[in-house]
Structures are given as C-alpha cells and as structure tokens.
Amino acid sequence: MEIRTGTRAFITGASRGIGRALAVELASRGAILGLAARSTDELQELAATLPGTHHVLECDVADEAAVRTAVDRFVELAGGIDLLVANAGITHYGPFRDQPLEHAKRMTEINWYGTLYTVHHGLPHMLDAAQGHIVVISSGAALRSFPWAAVYGATKAAQRMFAEALRHELSGTGVSLTTVYPGEIATSLHDHEKDTMPDWYRGGPDAAPASELAKRIVRSVERDDRSLTFPPLVRALGILHNLSPKVSDRLLRALRGGTAAPRRD
Ligand SMILES: NC(=O)c1ccc[n+]([C@@H]2O[C@H](COP(=O)([O-])OP(=O)(O)OC[C@H]3O[C@@H](n4cnc5c(N)ncnc54)[C@H](OP(=O)(O)O)[C@@H]3O)[C@@H](O)[C@H]2O)c1
C-alpha cells in the first residue's frame with residue numbers, strides 16, 4: 001500500500017516513542033492521523049506540530065469499549081482507515097518469582113489484549129473497503145525471550161503468532177499485515193525502571209533511533225513485507241535461535257554477558 005497524501009492512519013501509543021516517530025513520518029507523507037493514547041496533552045502537543053489535520057483520540061487500549069469508540073470516531077472523522085497500527089505497549093522487567101501479578105496482568109492487558117481489541121475493531125472497516133494494511137509492533141523478545149522479561153516476552157509472542165496467522169487469513173481480501181520486531185530502540189519504554197534493568201540490557205538513550213525504525217516501517221508497509229526486524233542483528237538472532245537455542249544462548253552470553261542466558265544445559 002502506498003502511503004500518500006490523504007492516507008488515513010490510526011496509531012495506538014502515538015504520544016511517545018515508536019508511535020510518535022511513526023506519526024511524524026506518516027504526517028510528513030501527507031497522512032491524516034488518528035493519534036490514540038491515554039496522554040491527550042502529549043497528543044495535542046504532537047498534533048499541533050505536525051503538518052496536516054489530525055485527530056486526538058483518548059484511549060486506554062486495555063479497555064475494549066474505549067478502543068471501539070476511538071476507532072469508530074476516527075472512521076467517522078476521516079471517512080475510513082487505510083493503515084491500522086497496534087503499537088501501544090508497556091514493560092515491567094524483573095525476575096518472575098518476585099513480579100507482582102498486577103504487573104504481569106497489566107502487560108497482558110495492554111500489549112496483547114490491546115492489540116486484539118485494536119485489530120478486532122479496526123479490521124472490519126478495512127474489510128468493508130477491501131483495502132488496508134495492519135502493522136503489529138511486536139518485539140525481538142518474541143523471537144528469543146530474555147530472563148526478567150518472561151511475561152513481556154509472552155505478550156510479544158502472542159502478538160507474533162496472532163499476526164502471523166492473520167496475514168495468511170487476509171490473503172485475497174485487499175487487507176494485509178506486517179509484523180515489526182524491534183530490538184532496543186531509544187524510547188521512554190523503560191524510563192520507569194531504568195535503575196533496575198537486567199545486566200544484559202544495552203538499550204537507553206544511545207540505542208537505535210525510533211525515527212529510523214519509523215522510516216523502515218513505512219517502507220515495509222509500501223512493500224507489503226511480512227515482517228520487519230530492526231536493528232538487523234535481531235533478525236540474525238531470531239534465525240539462529242530457531243536453528244539452535246543453545247548456539248544463540250552462547251552468542252548472547254558472548255555479546256551480553258552471562259545474565260542473558262545463565263543456564264548451560
Ligand atoms: N523501545 C524498545 O526498545 C522496544 C523494543 C521492542 C518492542 N517495542 C514495542 O514498541 C511499542 C512502543 O513502545 P515504545 O518503545 O515506543 O515505548 P514508549 O516510548 O513508552 O511509548 C509507549 C506508548 O504506548 C502508549 N501506551 C501505554 N499504555 C497504554 C494504554 N493502556 N493505552 C493506550 N496507550 C498506551 C503510551 O501512551 P500513554 O502512556 O499516553 O497512554 C506511549 O505512547 C511497544 O509495544 C513495545 O513493546 C519497543
């Protein structure tokens with residue numbers, strides 16, 4: 001699908017990070033945006049700096065009724081959806097045995113149910129129009145899950161398997177789907193836990209820029225790519241892990257230290 005002037009794009013988690021960078025990239029191509037998140041002040045401020053007309057939609061993606069309302073409102077305002085981006089997400093890193101169940105549930109509700117609700121309510125509009133594209137922002141953690149990110153990785157794997165099946169189901173409908181597997185990207189994702197991140201983590205302000213990922217997402221949508229991995233090392237890790245988890249563990253220990261794969265059996 002070509003992104004051009006008038007392309008109607010609904011993005012969850014548009015207030016910061018990857019969603020915001022994608023909004024900037026799409027607006028520079030003339031897209032009309034539905035900017036969805038909980039922080040409406042940040043969305044208003046973003047909308048005011050972007051070229052074109054955009055719609056701020058307050059929405060907690062863990063709340064199914066709120067997602068339905070936001071999607072329907074955007075369709076009412078823009079006349080339809082061409083591009084639907086399920087991006088909103090959170091993390092709580094830490095050893096599972098110490099993790100409050102509330103954190104695990106919240107990640108599940110936002111990362112996985114939020115994606116489910118977004119696609120459930122957005123897809124019929126695209127199927128009715130027999131055209132459109134869905135982008136699911138999963139994670140490299142769906143290709144190889146890491147210690148201290150057991151539940152986070154599980155939510156990202158749920159997105160992966162959902163998206164993989166759905167892309168096939170949608171063949172012939174005019175609607176397609178790209179799954180995105182980012183590695184460590186410089187966003188606010190871990191700001192609330194930056195002092196307690198695991199030793200193997202190398203992200204932070206010097207990680208890969210969200211603006212570069214946003215450009216690649218747009219390119220992948222235009223090429224109808226099945227998936228996008230960025231930075232490229234994530235793809236290599238995914239392939240290696242499928243071939244031999246033991247070998248990928250060894251590589252991760254070499255690259256990230258022993259905490260990345262402490263068990264050697
Ligand atoms: N950064 C990375 O290294 C990385 C790597 C792999 C995958 N990812 C994935 O990329 C996606 C975006 O993350 P990011 O790195 O851009 O993080 P971020 O900078 O923290 O942005 C997260 C966005 O999600 C929104 N959000 C969080 N909870 C929400 C809720 N309940 N309802 C609606 N929106 C909600 C936030 O807006 P409000 O708080 O205003 O609602 C914000 O706009 C996530 O799915 C994440 O798992 C990120």
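Modeller: Buried means under 20% relative accessible area, and exposed means over 50%. The model here is predicted.

Colleague: Is glutamate 25 buried or exposed?

Modeller: Glutamate 25 is found in helix α1, residues 17-28. Its relative accessibility is 14%. The cut-off for buried is under 20%. Because its value is 14%, glutamate 25 counts as buried.

Colleague: Which residues does glutamate 25 touch, not counting residues up to four places away in sequence?

Modeller: Contact means heavy atoms within 4.5 Å. With residues up to four places away in sequence set aside, glutamate 25 touches Ala214, Lys215 and Val218.

Colleague: Which element gives the most to the largest nonpolar core?

Modeller: This core has 41 residues, and those with the most contacts inside it are Phe10, Ile81, Leu84, Leu123, Ile134 and Leu166. At least two residues each come from α3 (64-78), α4 (101-129), β5 (132-137), α5 (150-169) and β6 (175-182). With seven residues, the element that gives the most is α4.

Colleague: How many residues are in the second, separate core?

Modeller: Ala14, Ile18, Ala21 and Leu33 are included in this second core. Its total is 33 residues.

Colleague: Leaving aside neighbours within four places in sequence, what is leucine 123 in contact with?

Modeller: Leu123 is one of the residues with the most contacts inside the largest core. Beyond its sequence neighbours within four places, leucine 123 is in contact with Leu84, Ile134, Leu166, Leu170 and Val175.

Colleague: Which residue in β5 stands opposite leucine 84?

Modeller: β4 and β5 run parallel, joined by four bridges. The residue opposite leucine 84 in β5 is isoleucine 134.

Colleague: How many of the six residues of β5 are buried?

Modeller: On one side, Gly132, Ile134 and Val136 are buried. On the other, His133, Val135 and Ile137 are buried too, so both faces are covered.

Colleague: How far apart in space are alanine 88 and threonine 115, C-alpha to C-alpha?

Modeller: Alanine 88 lies in the loop between β4 (83-86) and α4. It counts as buried, because its relative accessibility is 14%. Not counting residues up to four places away in sequence, alanine 88 touches Thr12, Gly13, Val61, Ile110 and Asn111. Alanine 88 and threonine 115 are 27 residues apart in sequence, but their C-alpha to C-alpha distance is 7.9 Å.

Colleague: Which element gives the most to the lining of the second largest pocket?

Modeller: This pocket has a volume of about 410 Å³. Of its 22 lining residues, Tyr181, Ser227, Leu228, Thr229 and Arg235 are the closest to its centre. Two or more lining residues come from each of α5, β6, α6 (210-223), β9 (227-230) and α7 (233-243). With five residues, the element that gives the most is α5.

Colleague: How many charged residues does that second largest pocket have in its lining?

Modeller: Six of the lining residues are nonpolar and seven are polar. The charged residues number nine.

Colleague: How many charged residues are in the lining of the largest cavity?

Modeller: The whole structure holds one cavity of 30 Å³ or more. His92, Gly94, Phe96, Gln99, Met107, Trp148, Ala149, Ala150, Val151 and Tyr152 line the largest cavity. α5 gives the most to this lining, with three residues. By class, seven lining residues are nonpolar and three are polar, while the charged count is no residues.

Colleague: What is the space in the largest cavity?

Modeller: Rolling a probe the size of a water molecule over the atoms shows where empty space is left. For the largest cavity, that space is about 30 Å³.

Conventions: Residues are numbered from 1 along each chain as its sequence is written. This is a predicted model: local features need pLDDT of at least 70, side-chain atom pairs count only at pLDDT 80 or more; totals for chains, interfaces and linings use all residues. Side-chain values use heavy atoms; hydrogens and water are left out. A nonpolar core is a set of buried Ala, Val, Leu, Ile, Met, Phe, Trp, Tyr and Cys residues joined through side-chain atoms within 4.5 Å. Buried means under 20% relative accessible area, exposed over 50%, partly exposed in between (1.4 Å probe, protein chains only). On a 1 Å grid over the protein atoms alone, a cavity is a set of points where a 1.4 Å probe fits but cannot get out, and a pocket is an open set with protein on both sides within 12 Å along at least five of seven lines; lining residues have an atom within 4 Å of a point. Grid points are joined across faces, edges and corners, and a volume is the space filled by probe spheres set on the points. Ala, Val, Leu, Ile, Met, Phe, Trp, Tyr, Cys and Pro count as nonpolar, Asp, Glu, Lys and Arg as charged, and the others, Gly among them, as polar. Two strands pair if DSSP finds at least two bridges between them.
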